[in-house]
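Welcome, and thanks for opening the viewer. Let us walk through this model stop by stop, with something to select at each one.

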Amino acid sequence: MKAVRFALKQIIPLLFSYLFVGLASGLLLHKAGYAPIWAFLSALFIYAGSMQIVMVTLMTSGVPLYMVAAMTLFINARHIFYGISFIDEFRAIGKRKGQAWKYPYMALTLTDETYSVLCSLKVPEEIDRGKVEFYILLFCHLLWVASCTLGSVLGQMLPVDMTGIEFSATALFVAVVVNQWQSADSHLPAIIGLLSAIAFYFISGPNGLILPALSMSVLALVLLQKRIPTHALEVPHD
Amino acid sequence: MTDTLQTAAIIGIIALMTWITRGLPYLLFARKSPPPVIEYLGKVLPSAIMIILVVYCLRNTAFTVTPYGAAELLSVLVVAGMQLWRKNSLLSIFTGTACYMILIRTAFPM
């Protein structure tokens, strides 16, 4: 099938990052003492790399559930902005005969990585664009579930001392920060984030810094709206 | 059993909240376009969020006693340097993590 083969070609750039981050998150969960079934379930239903890594910390630190909910909402709030670009397209796919389920499935499997792939997707005339988008989202989801579960199972079998592997989460975020810093129109948002995080590291203590730091950043960014230049939101379709 | 329930509850809550953030635009803006302030936050908020996450990841580092978080800080510099130099996230994450795992076993044992 043309659409399947074309979709497989599109996901090559993120194959390794999904495999590596998935393995790392599975390993982390195993190291914290959780069975592979939990890695499988969280990959299948949560399907958000940074959140699944933060989840391990939340599980082991005994944070109350309402804090887990609030932190997830804040950390994943960026997804709200991804969806905006694909409303019309995904809805059109869901309107095809017998494919209504694809609309919610595609909406819920749009991650940082798949969003970036779909944004730069160029499909030849003779191939069905909707099908390609669906297969890209499906294959990435399956790859993620497989690598998270594999990481957890391998962790059980490998007697190697993996202390320090948890640094891969920090490393992932540092790499993203560098990317954002280089492509940003203004460095003010990153500086505001850094200052708020450091301030609340001291004010609310290291473990409680995320929520107040994020709220502070949102407030400061809204107040400084006129002073921060941004290009118009890019439209991902050509 | 309570452990199982607790774990299932945490995964369930995180999944539900993630679905809400992913599904919200389809529910909110299906008919009208989002207000400018939302589009603006969509552009600028990710940069603030990611650097807060970096600080959060480093929160348990012992900065006040020797070696003053040297393993963490050096490894962060390695990741940033690799990312600036080769622009390959996978390579930067791999090198930085390997660097950290080696440093805490050799130069700065915990």
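Helices (H or I, at least four residues) and strands (E, at least two) are DSSP runs, and they are numbered from the N terminus. This is a predicted model, in which local features need pLDDT of at least 70 and side-chain atom pairs count only at pLDDT 80 or more, while totals for chains, interfaces and linings use all residues. Residues are numbered from 1 along each chain as its sequence is written, and chains are lettered from A and ligands numbered from 1 in the order in which they are written.

**Stop 1: confidence.** Chain B averages 88, and 98% of its residues score at least 70. Within chain B, helix H3 (residues 70-86) has the highest confidence, at 95, and helix H2 (residues 36-57) the lowest, at a mean of 82. The model as a whole scores ipTM 0.84 and pTM 0.70.

**Stop 2: the loop between H2 and H3 of chain B.** Select B:Pro67, which is found in this loop. B:Tyr68 is not a glycine, yet its phi is positive, near 55°. Is B:Tyr68 buried or partly exposed? A residue is buried if 20 or more other C-beta atoms lie within 10 Å of its own, exposed if 12 or fewer, and partly exposed in between, with C-beta atoms placed from the backbone. B:Tyr68 has 13 such neighbours, so it counts as partly exposed.

**Stop 3: A:Tyr47 and helix H4 of chain A.** Go to the loop between helix H3 (36-45) and helix H4 (49-61) of chain A, where you will find A:Tyr47. A:Tyr47 has a positive phi of about 50° although it is not a glycine. A:Tyr47 counts as buried because it has 23 C-beta neighbours inside 10 Å. Move on to H4(A), whose buried residues include A:Gly49, A:Ile53 and A:Met59.

**Stop 4: where the chains meet.** Show both chains: 73 residues of chain A are in contact with 58 residues of chain B, contact meaning C-beta atoms, placed from the backbone, within 7 Å. Helix H11 (residues 167-183) of chain A supplies the largest share of chain A's side, 14 residues.

Definitions and conventions: pLDDT = per-residue confidence, 0-100. Contact = placed C-beta atoms within 7 Å.
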